[in-house]
Amino acid sequence: MRSLLPKVALIIPAAGSGERFGAPIPKALVQLNGRTLIEHAILNLGSLAAQIIVAAPAGFEDQFKNLLGDAVTVVTGGSTRTKSVKIALESIDPEVEYILVHDAARPLASTELGEQVIAALLTGEVAVIPALSVADTIKEVDASNYVVLTPNRERLRAVQTPQGFARETLTKAHTQNIEATDDGSLVEAMRGKVKLITGEDRALKITNPEDLASALKYLVPAVAADIRTGVGIDAHAFSSDPKRELWLAGLRWENEIGVDGHSDGDVAAHAICDALFAAANLGDLGSNFGSAKPEYAGASGARLLSETLKLITSAGFAIQNISVQIIGNRPKIGPHRLAAIAKISQALGGAKVSVSATTTDGLGLTGEGKGIGAIATALIIRSESLLK
Ligand code: CTP
Ligand code: MG
């Protein structure tokens, strides 16, 4: 199975305790969507290597062996990351020419990234590390938190793993007996040439518990069970009062006659609220904002959307997207579609929203021009369950 590039070995330092993560088990054994971090890492990069060596925390060697099977060599890691890699190096097969070193804490680095690292090694580079440019300005500080230096951000990179090395380069780098948080630094310390290639967002490091939620977004199809959908419909008749204002999709529509109703009669907003409540199984517009809650009497569509967002958010849900279709002969939606989308999205905390419109071939309340209807769907995801 792992015979594509027989001269490559993969070393995975996984012996850290994960102090910042704070779980009662080593971080490499933490679950991400049904698999441990170390299993994810091997699943993504294992196929590139003829030999896989994992440095496990002392006392957990058997658990790692049972989990990873015979194809993986498990060694007891050291007290630092550098020491763990150095110990793993002692078990490298004689015929290995290239070595990938990869943090168990970066479970989703892709096979493609590993391939690109190897491809650069094959062109003659001796040390290849994936890196991304940094968005923040970075300061160096002294022990009292005073700024010492602000390096030019354009020239800064945040580095990731897998980092690839010619075997001799990595072995020699580890004879220096210095400590570093990555292996590239060790090569740099002996004035070796370290080549950067473009890294990837999905190679993010799991350091704190919240990082699991960030990682999960790259595995979304596999968490489909946590995704819920809901539908909502509303309709109102046009008012006989020609002065009544029309409010629709959170906007006031000039030169249009409004609809009857206690509220502002915003059928698009109401349909969306109902779709969100339905998806979250939290009742409906009436049970949440009806006559039993006089504080909502006459509330605008935009306000009801915001209140609905608060309710579904505190129940642990996040909105994936909202789609609403407005049904009626008028007003014409097209010219104001973007404004309607912006208004609804704003009321829903920046959610993805689409707005469409249709007529009904002269049939029914909407077709006869007697009123406006709307139908909405909501897709929501339970955000709490992302952290489990
Ligand atoms: N690592 C290791 N041996 C150590 C320390 C760390 O093999 N003595 C590994 C970790 O398991 C991890 C990688 O080095 O895969 C990167 O380290 P980091 O993300 O800092 O993990 P931890 O050291 O476990 O976390 P913390 O620093 O929060 O304790
Ligand atoms: Mg650490």
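**Domains, sheet and ligand site**

The centres of domain 1 and domain 2, taken over C-alpha atoms, are separated by 49 Å. Domain 1 covers residues 2–203 and domain 2 covers residues 220–387; these bounds come from an automatic or database domain assignment. The model is predicted: local features need pLDDT of at least 70, side-chain atom pairs count only at pLDDT 80 or more, and totals for chains, interfaces and linings use all residues. Residues are numbered from 1 along each chain as its sequence is written, chains are lettered from A and ligands numbered from 1 in the order in which they are written, and side-chain values use heavy atoms, with hydrogens and water left out.

An open sheet is formed by 4 strands in the order β13-β18-β16-β17, with mixed pairing. Strands (E, at least two residues) and helices (H or I, at least four) are DSSP runs, numbered from the N terminus. Two strands pair if DSSP finds at least two bridges between them. β13 (227–237) and β17 (353–358) stand at the edges; each has a single partner strand, so one side of each is left without a neighbour in the sheet. From one strand to the next, the twist averages 15 degrees. Axes are lines fitted to C-alpha atoms, for helices over the stretch in contact, and angles run from 0 to 180 degrees between N-to-C directions.

Helix α8 (residues 267–280) packs on the sheet and touches β13, β16 and β18. Contact here means heavy atoms within 4.5 Å. The direction of α8 makes about 150 degrees with that of β13. Helix α11 (residues 337–347) lies across β16 and β17, at about 135 degrees to β17.

Strand β18 (residues 371–382) runs antiparallel to β16 (residues 317–327), and 10 bridges join them. Gln325 has Ile375 in β18 as its bridge partner. Ala318 stands opposite Ile381 in β18. β13 and β18 also run antiparallel, joined by 11 bridges. There, Val231 has Thr377 of β18 as its bridge partner.

Ligand 1 has 18 residues around it; Pro13, Gly18, Glu19, Ser84 and Lys205 come nearest. A residue counts as near if one of its heavy atoms lies within 4 Å. Polar contacts are pairs of N or O atoms within 3.5 Å; within protein, one atom must be able to donate a hydrogen and the other to accept it, and residues adjacent in sequence count only if both atoms are side-chain atoms. A backbone N or O atom of Ala15 lies 2.9 Å from an oxygen atom of ligand 1. A polar backbone atom of Gly16 is 2.9 Å from a ligand 1 oxygen. For Gly18, the distance from a backbone N or O atom to a ligand 1 oxygen is 2.8 Å. Taken alone, ligand 1 exposes 560 Å², of which the protein buries 86%. Accessible areas come from the Shrake-Rupley method with a 1.4 Å probe; for residues, only the protein chains shown count as cover.
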